[in-house]
Amino acid sequence: MRIAVLALQGAFREHEEMLSRLDVSSFEVRQTGDLSAPFDGLILPGGESTVQGKLLRETGLFGPLRERIAAGLPVFGTCAGLILLAEEIENEAVRHLALMKIRAVRNAYGRQLGSFFTEGAFDGGASVPMTFIRAPYIAAAGEGVRVLSVTDGRITAARQRNMLVTAFHPELNDDLTVHRYFLEMVREAKAAAAGNAAAV
């Protein structure tokens, strides 16, 4: 298994460290040529969604990555990555990859709660640490979207088919639960692809 990590801006190295702890190979994507290497999943890190969206377009990565995600490539977006994947952004005119049926609210917690830490259940399981940094939240989830975490009444993690998003930063804590969940998504996708190939 090999995971690509978008490395245009934001907290991409922390994701690489989490993957290393799980004995999973990763590499950084900065230009279209990087996409020639085989990979099984993609992480869109936290950072500035507006900057990342602009750089995706300027580097030419926007179209190829959008096509691969739309075709089923497993993708995990944290914070800014959530905003990049959202079909709707409540307080921003620009849309980015716009593939996930969610409505996101940027910088939703205001200055006083711009950064905070809490714990909460993930996918109905045990509590995981959650670090929020000028975080968004999901104001609405459409058909096919499974809510995985709710924090203070707001949706902060969700999945739709091959797409996983969190408003918090699991890569900034020691707990590996969320990254393990994503890697299981990748394994499921690989198994399904292998099954389809065998059936042809």
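Analyst: Phe116 and Phe132 are both buried. This is a predicted model, so that holds for the model as computed.

User: How are the rings of Phe116 and Phe132 arranged?

Analyst: Their centres lie 4.6 Å apart and their planes are at 5°, so the pair is stacked; the cut-off for that is under 30 degrees.

User: Which strands do Phe116 and Phe132 lie in?

Analyst: Phe116 belongs to strand β7 (residues 115-121) and Phe132 to strand β8 (residues 127-133). The two are 16 residues apart in sequence, so the pair ties those parts together.

User: Which cluster do ring pairs make?

Analyst: Phe116, Phe132 and Phe168 are linked into a cluster by ring pairs.

User: How many aromatic pairs does the structure hold?

Analyst: Five aromatic pairs.

User: Stacked or edge-to-face for Phe122 and Tyr181?

Analyst: Edge-to-face, because the planes of Phe122 and Tyr181 are at 90° and the cut-off is over 60; the ring centres are 5.3 Å apart.

User: Which parts of the chain does the pair of Phe122 and Tyr181 link?

Analyst: Distant ones: Phe122 is in the loop between β7 and β8, and Tyr181 is in helix α5 (residues 177-199). The separation is 59 residues.

User: Is Phe122 buried or exposed?

Analyst: Buried, with a relative accessible area of 4%.

User: And Tyr181, buried or exposed?

Analyst: Tyr181 has 14% relative accessibility and the cut-off for buried is under 20%, so Tyr181 counts as buried too.

User: Which residues line the largest cavity?

Analyst: The lining consists of Val128, Pro129, Pro170, Asn173, Asp175 and Val178. By class, four of the lining residues are nonpolar, one is polar and one is charged.

User: What about the largest pocket, what volume does it have?

Analyst: The largest pocket comes to about 180 Å³. It is lined by 13 residues, and those closest to its centre are Gly47, Glu48, Cys79, Ile133 and Arg134.

User: How does the lining of the largest pocket divide by class?

Analyst: Five residues are nonpolar, five are polar and three are charged.

User: What shows where empty space is left?

Analyst: A probe the size of a water molecule is rolled over the atoms, and that shows where empty space is left.

Terms used: Residues numbered from 1 in each chain as written. Predicted model: local features only at pLDDT ≥ 70, side-chain atom pairs only at ≥ 80, totals over all residues. Heavy atoms only, no water. 1 Å grid on protein atoms, 1.4 Å probe; cavity = no way out; pocket = protein on both sides within 12 Å on 5 of 7 lines; lining within 4 Å. Nonpolar A, V, L, I, M, F, W, Y, C, P; charged D, E, K, R; others polar. Points joined across faces, edges and corners; volume = space filled by probe spheres on them. Phe/Tyr/Trp six-rings, centres within 6.5 Å; stacked < 30°, edge-to-face > 60°. Helix = DSSP H or I, 4+ residues; strand = E, 2+ residues; numbered from the N terminus. Buried < 20%, exposed > 50% of the residue type's maximum accessible area, 1.4 Å probe, protein only.
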